[in-house]
Amino acid sequence: MVVLSVPAEVTVILLDIEGTTTPIAFVKDILFPYIEKNVKEYLQTHWEEEECQQDVSLLRKQAEEDAHLDGAVPIPAASGSGVDDLQQMIQAVVDNVCWQMSLDRKTTALKQLQGHMWRTAFTAGLMKAEFFADVVPAVRKWREAGMKVYVYSSGSVEAQKLLFGHSTEGDILELVDGHFDTKIGRKVESESYRKIADSIGCSTNNILFLTDVTREASAAEEADVHVAVVVRPGNAGLTDDEKTYYSLITSFSELYLPSST
Ligand SMILES: CSCCC(=O)C(=O)COP(=O)(O)O
Ligand SMILES: [Mg+2]
C-alpha cells in the first residue's frame with residue numbers, strides 16, 4: 001500500500017466532500033436531481049417564508065452579477081402582487097437554478113437554496129449521504145491521534161451538516177470539529193485558506209487539505225497549506241504533470257500520522 005507521511009507540523013486535516021469523502025455519483029445522481037425535480041414545488045410551498053425570500057434575494061443578486069454570461073437567466077424584481085406575476089417570478093428562479101446547475105456552478109446563492117431543500121429530504125429519511133468506506137475509520141483514528149478535523153466544501157455549512165448527520169454510516173457529525181463553505185471565500189482562492197487558518201486559530205502550514213480538485217489544491221498550497229489530491233472512482237482524471245506534482249492518495253488509510261501507531 002502507498003503511504004503518505006503527514007508532516008509533523010500538521011495538526012488540522014481539512015476535508016473536501018464531493019470526490020473526496022463522498023462519491024461524485026452521489027452528488028450528481030441523487031442530490032442534484034432532487035433539486036431539479038423539486039425546486040418549483042419547493043418555491044411554491046415556501047415562498048412566503050423569510051428563509052425562502054432570503055434565498056431568492058441572494059439568487060437575484062447573483063443573477064445580476066451573472067448578466068454578462070452566456071445563457072444567464074435574470075430574476076426580475078417583485079413588482080405587482082398578481083398570481084401571474086408570482087408564477088413568472090417562480091419560473092424565473094427555477095430556470096436560473098437549473099441554468100446554474102447545468103454548469104455545476106458553486107455560487108453561495110445556489111448552495112444556500114440547495115441546502116435548505118435537502119433539509120426535508122434528509123430529515124424525512126428520503127436520502128442518506130454516502131461516504132467512502134475508508135473515511136470514517138480514518139477520521140476516528142486521526143482524532144484519536146489528536147488531529148482536529150474540519151470540512152471545507154462548496155456545499156453550504158447547513159448541507160454539510162445534513163450529510164454528516166444523516167449518512168449511511170449513521171450520524172457522524174461529532175467527527176467534525178467545524179465547517180467552512182464559500183461564505184469564507186471560493187475554494188480556488190488562496191485567501192480563503194488563510195481565513196480558515198485564522199478562524200481555526202492555527203497557521204496555514206498546520207493544515208493538510210484533502211481535495212479531488214487540483215485548482216483547489218493549488219490555491220491552498222499558495223497559502224502554504226499542505227495538500228494531497230484524492231483520487232476516487234468517478235473523479236475527473238489528472239494530467240501527467242498533476243500526477244507527478246501532487247501527492248496522491250486513493251484512500252484516507254494511505255495517510256500516515258507520525259504520532260499514531
Ligand atoms: C456538501 S453539499 C453537496 C455537494 C455540493 O453541492 C458541492 O458543491 C460539493 O462541492 P465540494 O466543494 O465538496 O467538492
Ligand atoms: Mg470536491
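This is a predicted model: local features need pLDDT of at least 70, side-chain atom pairs count only at pLDDT 80 or more; totals for chains, interfaces and linings use all residues.
Entry one, the site. I looked up where ligand 1 sits, and the place is the largest pocket. I then listed the elements that give two or more residues to the shell around ligand 1, and found α1 (24–46), α4 (108–123) and α6 (157–165). The largest share comes from α4, with three residues.

Entry two, the shell. I find 15 residues surrounding ligand 1. The closest are D16, K111, S153, S154 and K187. I sorted the shell by residue class: six residues are nonpolar, four are polar and five are charged. I also checked the domains, and at least three shell residues come from each of domain 1 (4–22 + 129–256) and domain 2 (28–124).

Entry three, polar atoms. Which distances separate side-chain N or O atoms from oxygen atoms of ligand 1? For D16, I read 2.8 Å from an N or O atom of its side chain to an oxygen atom of the ligand. For K111, a polar side-chain atom lies 2.9 Å from a ligand oxygen. For S153, the distance between a side-chain N or O atom and an oxygen of ligand 1 is 2.7 Å.

Methods: Residues are numbered from 1 along each chain as its sequence is written. Chains are lettered from A and ligands numbered from 1 in the order in which they are written. Side-chain values use heavy atoms; hydrogens and water are left out. A residue is near a molecule or strand if one of its heavy atoms lies within 4 Å of it. A polar contact is a pair of N or O atoms within 3.5 Å; within protein, one must be able to donate a hydrogen and the other to accept it, and residues adjacent in sequence count only if both atoms are side-chain atoms. On a 1 Å grid over the protein atoms alone, a cavity is a set of points where a 1.4 Å probe fits but cannot get out, and a pocket is an open set with protein on both sides within 12 Å along at least five of seven lines; lining residues have an atom within 4 Å of a point. A molecule sits in a cavity or pocket if more than half of its atoms lie within 2 Å of its grid points. Helices (H or I, at least four residues) and strands (E, at least two) are DSSP runs, numbered from the N terminus. Ala, Val, Leu, Ile, Met, Phe, Trp, Tyr, Cys and Pro count as nonpolar, Asp, Glu, Lys and Arg as charged, and the others, Gly among them, as polar. Domain bounds come from an automatic or database domain assignment.
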